[in-house]
Amino acid sequence: MKTLVIGASGFLGSHLVRELLKRNFKVRVFVRPESSLLALENLEVEIFFGDLNNLSSLNVAMKGCSSVFHAGAYYPLYSLDREAQIKEALQQTQHFLKALEKNKIKKCIYTSSISTIGKETSSLSNEETPYESKKMPGLYYEIKYLMEQEVLKAARKSLPIIIMNPTGLFGEGDVKPTSGTLVLEIARKNLPFIFNGKMNVVDVREVAHAQVNALEKGRIGERYILGGVNTTFPEFCQIVAGLAKVSAPHFKMPLVLARPLALAAEIFSKAFNQQKPIFPVVGLDFIQNGIHVDCQKAKDELGLRETNLKETIGRTLQWFRKKGYFEKD
């Protein structure tokens, strides 16, 4: 039977496809018609075009599949248009759940986000740390939490869903790029200032490996934090700069000063129809709400392997150089 990967043209999705093919799965991918297929180049997959807003396209893609990996959930690039974005995110989630039920999928691995995990002040956060909206503000956090709650309710009723909560993904193959943008900006010396904040960094290959393991080993209705190295934003910048052989940004800007600038950048980007803001509010939210995590549950149950931070960042930089990203504006 086939496995469907939703969001396969993205960073994590393409690594899931590679991991599945390596284990001799037959893979079908679900991508939007306008998506670049560069991340899937030379991979033997069956391609289905569609959109999460189109329920019938999801049903067609899932037909005949025994399992589904959802790595393409709604991602709010902007903090603007709150109600419209929440509405679309929940609609896509409901379409996905209806298609799972109709097509009698035997197991689904749903990629959520670390942003739905609560924030501990004196210890490491884990899957049981409660999410508190007052402590975790921001539209990205709100949307990811609301979507995950819908998925959890469905899993607790009848649907065979396992939820993954990855931290900051890095590695080769970040075509768009997504989280790799931070590595690029540091290496290009385009990051003029930094902020104090916690972060956890994980190798995208280790996340894909653990997620495929979850098909066999994961427990229905459970959440698993897929993380790597607990670090800080300044430490991460130092590591990237050192490997890129450039000077690290050192000016620390208070978040209270950066937020108005980020909001202005979003308004400017949206007014000029740019694909994503140059300096998004969500980036500040990640730093302000950054947490250190305990991944023991995923290590014990899914075989999550350790991340070598310097090796992962080194591969990320090498891939960007090879693909000519340092030559792009």
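Modeller: The discussion below takes up the cores, then the cavities, then the ring pairs. This is a predicted model, in which local features need pLDDT of at least 70 and side-chain atom pairs count only at pLDDT 80 or more, while totals for chains, interfaces and linings use all residues. Residues are numbered from 1 along each chain as its sequence is written, and side-chain values use heavy atoms, with hydrogens and water left out.

Colleague: Which residues have the most contacts inside the largest nonpolar core?

Modeller: In soluble globular proteins, nonpolar side chains tend to be buried together. A nonpolar core is a set of buried Ala, Val, Leu, Ile, Met, Phe, Trp, Tyr and Cys residues joined through side-chain atoms within 4.5 Å; buried means under 20% relative accessible area, exposed over 50%, and partly exposed in between, with a 1.4 Å probe and protein chains only. Here the largest core has 35 residues, and Phe69, Met164 and Leu226 have the most contacts inside it. Helix α6 (204-217) is among the elements that give two or more residues to this core, and α6 gives the most, seven residues. Helices (H or I, at least four residues) and strands (E, at least two) are DSSP runs, numbered from the N terminus. Another core, of 31 residues, lies apart, and Val68 and Leu139 are among its members.

Colleague: How many cavities of 30 Å³ or more are there?

Modeller: Rolling a probe the size of a water molecule over the atoms shows where empty space is left. A cavity is a set of points, on a 1 Å grid over the protein atoms alone, where a 1.4 Å probe fits but cannot get out; lining residues have an atom within 4 Å of a point. Grid points are joined across faces, edges and corners, and a volume is the space filled by probe spheres set on the points. The count is two. The largest has a volume of about 40 Å³, and helix α3 (residues 82-102) supplies the largest share of its lining, four residues.

Colleague: What is the geometry of the aromatic pair of Tyr131 and Tyr145?

Modeller: A pair of aromatic rings is described by the distance of the centres and the angle of the planes. Rings of Phe, Tyr and Trp (its six-membered ring) pair if their centres lie within 6.5 Å; planes under 30 degrees apart count as stacked, over 60 as edge-to-face and the rest as tilted. Tyr131 and Tyr145 are stacked, at 4.1 Å centre to centre and 10° between the planes. Tyr131 lies in the loop between β5 (107-111) and α4 and Tyr145 in helix α4, so the pair ties together parts 14 residues apart in sequence.

Terms used
On a 1 Å grid over the protein atoms alone, a cavity is a set of points where a 1.4 Å probe fits but cannot get out, and a pocket is an open set with protein on both sides within 12 Å along at least five of seven lines; lining residues have an atom within 4 Å of a point.
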